[in-house]
Amino acid sequence: MRDEECVAFLQWALPRLDLAWPGFRKVRKQVCKRLARRLRCLGLADLEAYRAWLATDPQEWRVLDGLCRITISRFFRDRGCFEVLRDLVLPEIARRATVEHRPARIWSAGCAAGEEPYTVRILWDLEVSRAFPDASLSLVATDLDETLIERARIACYPAGALRELPQEFVARAFTARDGYRCLRERHKAGVAFLRQDFRVAAPEGRFDLILCRNLAFTYFAPALQLDALERIDSALAPNGFLVIGAHERLPATAKGSQPVGGNRSVLVRGAMPDAARLTRRLGGGRLGKIAREGKMTQRGVHAFDGALQDANIWLKAIMERLGTEDAHVGMMALRGALHALRDRVGPENAAHLGAQLPTLVRGIYYEAWQPQRTPTKERHKDAFLQLVVRNVPPGLDFNAEAAVRALFDVLWERIDPGEINKLIRMFPHELRELWPAIARIEAEEEEAEKAQRGEA
Ligand SMILES: C[S@@+](CC[C@H](N)C(=O)[O-])C[C@H]1O[C@@H](n2cnc3c(N)ncnc32)[C@H](O)[C@@H]1O
């Protein structure tokens, strides 16, 4: 089956299933393969014949709906969001639950084979519960796919599903069995899996946190996205938290969201100014640190300036990727890599990127900028890394390549995807390799599609 034929078919069929073609653009190959298999199974020659088949057999639309389900997931996928959950959101809902003498309640909608809800469970068990020993957690996870739900209940995974999960958690939460990693029973407890269609139903009760990532706000048609948001809002407790995918946005008309911890996919939903006040009160890296050290008291949560909090979170994300506890090294790595990027992309692009950085990070970014001396024109990795080295104090114990990779990973998670794609496409191939693989693939696919459409 040719790609163009499959694309034309999907552009025709997806809206009829209340799904949105743009969400499928990058993952269409998976769906096209399934379609080819379905045609073989029905003995049909091509997609024209399949359209005719759909016209005569309304039940086939349900089969097609199943073929269009994207099931990719991983533990700790888009780590930035789980870092904010671990440091800010889970401690806050544990606090609420403790004060109100009830379990904390979380819903993972579109949970695949359990990677997402179990990641939350592991963070809760191994980190949050140390600071809140009296708080219990009830987690409900729903998915439409019965096979995935079965796999979630078994909870044994190939190594690839765990590749983003920090080694410390892999070692503590899993045991090895027949080439698979199986989750320990204690982390499976308290996670209830239900087969449920998110388009028409939600689990009962109110939730402190709902994760709806890489489902409604990527694959659903606009009207269905609004329904989905309504369903989420009615299931959320007041000032509850919502997590969406790293590359997703709520519908443009959605009101009442504030990002938490400078991460645009972790939101607190609620009436202003309560929600805004709450996000300010959630104090950046410090809260997480206190929580993890088990020293948190209900009155020990200080109000932090939002800008300081955002900068802290960026710094911490860099330090974690570098595996250093030394904030000076983290700061120098952030500064050196930001300056090298800024100077390599030239004044106009540098300004676009600068506009998206949190306030204090932007301050560091613009330090000693001499736009008239840019763009620098390095084409090779070594030369580009030299730029980074030149931007940090001599004798500092740090690895320039690791610093750049850490920064690019954090940028990819936190900056508008269109902006990231543009930056990657400006880089010669040898330098592109410094971006996370998935970011490169996305940018290169977009580049190929633009070329196909005859755009620059
Ligand atoms: C791309 S995966 C995302 C998994 C996980 N949330 C993540 O971000 O890693 C989408 C999941 O949503 C499920 N799904 C698709 N349509 C659904 C629906 N209408 N109701 C419930 N789950 C659905 C799929 O079976 C799949 O497991």
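This is a predicted model: local features need pLDDT of at least 70, side-chain atom pairs count only at pLDDT 80 or more; totals for chains, interfaces and linings use all residues.
1. Pro103 sits in the loop between helix H6 (79-99) and E1. Its C-alpha lies 4.8 Å from the C-alpha of Ser136, although the two residues are 33 residues apart in sequence. When neighbours within four places in sequence are left aside, the contacts of Pro103 are Ala97, Ser136, Leu137 and Ser138.

2. Strand E1 (residues 104-109) is largely enclosed by the rest of the structure, because six of its six residues are buried. Ala104, Ile106 and Ser108 point to one side of E1, while Arg105, Trp107 and Ala109 point to the other, and the residues on both sides are buried. A reader looking at Arg105 may wish to note that this residue, too, is counted among the buried ones.

3. Which strands pair with E1, and in what sense? Strand E2 (residues 137-143) pairs with E1 in the parallel sense over six bridges, and strand E7 (residues 207-211) also pairs with E1 in the parallel sense, over three bridges. Ile106 stands opposite Leu139 in E2, and Ile106 likewise stands opposite Leu209 in E7.

4. The ligand is surrounded by 22 residues, of which Ser73, Gly110, Ala112, Phe198 and Arg213 are the closest. By class, the shell around the ligand is made up of seven nonpolar, six polar and nine charged residues.

5. The domain assignment divides the chain into domain 1 (3-67), domain 2 (79-292) and domain 3 (327-452). The C-alpha centres of domain 1 and domain 2 are 32 Å apart, and the contact between these two domains takes six residues from domain 1 and five residues from domain 2. On the side of domain 1 that touches domain 2, there are four nonpolar residues, one polar residue and one charged residue.

Methods
Residues are numbered from 1 along each chain as its sequence is written. A residue is buried if 20 or more other C-beta atoms lie within 10 Å of its own, exposed if 12 or fewer, and partly exposed in between; C-beta atoms are placed from the backbone. Helices (H or I, at least four residues) and strands (E, at least two) are DSSP runs, numbered from the N terminus. Two strands pair if DSSP finds at least two bridges between them. A residue is near a molecule or strand if its C-beta atom, placed from the backbone, lies within 6 Å of it. Ala, Val, Leu, Ile, Met, Phe, Trp, Tyr, Cys and Pro count as nonpolar, Asp, Glu, Lys and Arg as charged, and the others, Gly among them, as polar. Domain bounds come from an automatic or database domain assignment. Two residues are in contact if their C-beta atoms, placed from the backbone, lie within 7 Å.
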